[in-house]
Amino acid sequence: MWAISERDVFCFAIRALVAAHFIYEFVVKVFNFYQVRDTIAAAGMPVATLQLLLVLFLLTVGITLLLIGKWLKVAAVALILFQVPTTAVFEGDWYTRFDSISVLGGVLALAFYSKDPPAGSPNNSELASTGQSYAVL
């Protein structure tokens, strides 16, 4: 049986809140693909289409891993590889830059202050019946 504990729901909600910023970025880039590509090209970046496809790949990997709660360090690397250059090159005002920096703080907190259960270990729901749990956010 697959039981979902309150902690599992809470941890998912935390990850979803951090992912919300990146989900928005993904949706904007998909629905405005050609405009975003032209913005990348106007910034003097070569092969804008390829770069935008790489951005979409990084966002897809990062968001997916963040939401499922697995390989959070890989998710953090993918999202940092997206966010740092975007912040440096395309965000002009300080508010937007600090907003991006703060969301990276959330990603790093999730990646480095949570633990994936060891391979072959019971999940949190199975451990909950024993009063134990992993700190998986």
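The following legends describe close-up views of one predicted model. Local features are given where pLDDT is at least 70 and side-chain atom pairs where it is 80 or more, while totals for chains, interfaces and linings use all residues. Residues are numbered from 1 along each chain as its sequence is written, and side-chain values use heavy atoms, with hydrogens and water left out.

**View 1**
Helix α2 spans residues 33-42, and its buried residues are Phe33, Val36 and Ile40. Helices are DSSP runs of H or I with at least four residues, numbered from the N terminus. Buried means under 20% relative accessible area, exposed means over 50%, and partly exposed lies in between (1.4 Å probe, protein chains only). Seen down the axis of α2, the buried residues fall within an arc of 70°, so they line one face of the helix; the arc is that of the directions from the helix axis to the C-beta atoms. Tyr34, Gln35 and Ala42 are exposed on the other side of α2. The cover over the buried residues of α2 includes α1 (6-31), α3 (48-68) and α4 (72-90), where contact means heavy atoms within 4.5 Å.

**View 2. The largest nonpolar core.**
The largest nonpolar core has 20 residues, of which Val18, Phe22, Leu59, Leu66, Leu79, Phe82 and Val107 touch the most other members. Two or more residues of this core come from each of α1, α3, α4 and α5 (94-112). A nonpolar core is a set of buried Ala, Val, Leu, Ile, Met, Phe, Trp, Tyr and Cys residues joined through side-chain atoms within 4.5 Å. Val107 is in contact with Val18, Phe22, Ala76 and Leu79, leaving aside its neighbours within four places in sequence. In soluble globular proteins, nonpolar side chains tend to be buried together.

**View 3. Aromatic pairs.**
The structure holds three aromatic pairs, and two of them are described here. Phe33 and Tyr34 form an edge-to-face pair, 5.4 Å centre to centre, with 80° between the planes. Phe33 is buried at a relative accessible area of 17%, whereas Tyr34, at 56% relative accessibility, counts as exposed. Trp94 and Phe98 form a tilted pair, 5.9 Å centre to centre, with 35° between the planes. Rings of Phe, Tyr and Trp (its six-membered ring) pair if their centres lie within 6.5 Å; planes under 30 degrees apart count as stacked, over 60 as edge-to-face and the rest as tilted.

**View 4**
Trp94 and Phe98 both lie in helix α5, four residues apart, about one turn of the helix. Trp94 and Phe98 are both exposed. Arg97 lies over the face of Trp94, at 4.8 Å from the ring centre. A charge sits over a ring if NZ of Lys or CZ of Arg is within 6 Å of the ring centre and within 35 degrees of the ring normal.

**View 5. Positive phi values.**
Gly44, which follows α2, has a positive phi near 85°. Most residues other than glycine have a negative phi. Val47 is found in the loop between α2 and α3 and is exposed, with a relative accessible area of 56%. Trp71 is not a glycine either, and its phi is positive at about 50°. Trp71 is found in the loop between α3 and α4, where it is exposed with a relative accessible area of 60%.

**View 6. Salt bridges.**
The structure holds two salt bridges, each a side-chain nitrogen of Lys or Arg within 4 Å of a carboxyl oxygen of Asp or Glu. In one, the side chains of Lys29 and Glu25 meet at 2.8 Å, N to O. Lys29 and Glu25 are four residues apart in helix α1, and are therefore separated by about one helical turn. Lys29 is buried at 11% relative accessible area, and Glu25 is buried at 12%. Arg37 forms a salt bridge with Asp38, their closest N and O atoms being 3.1 Å apart. Arg37 counts as partly exposed at 24% relative accessibility, as does Asp38 at 42%.

**View 7. Contacts of Ser100.**
Ser100 is placed in helix α5 and is buried, with a relative accessible area of 1%. Leaving aside its neighbours within four places in sequence, Ser100 is in contact with His21, Gln83, Thr87 and Glu91.
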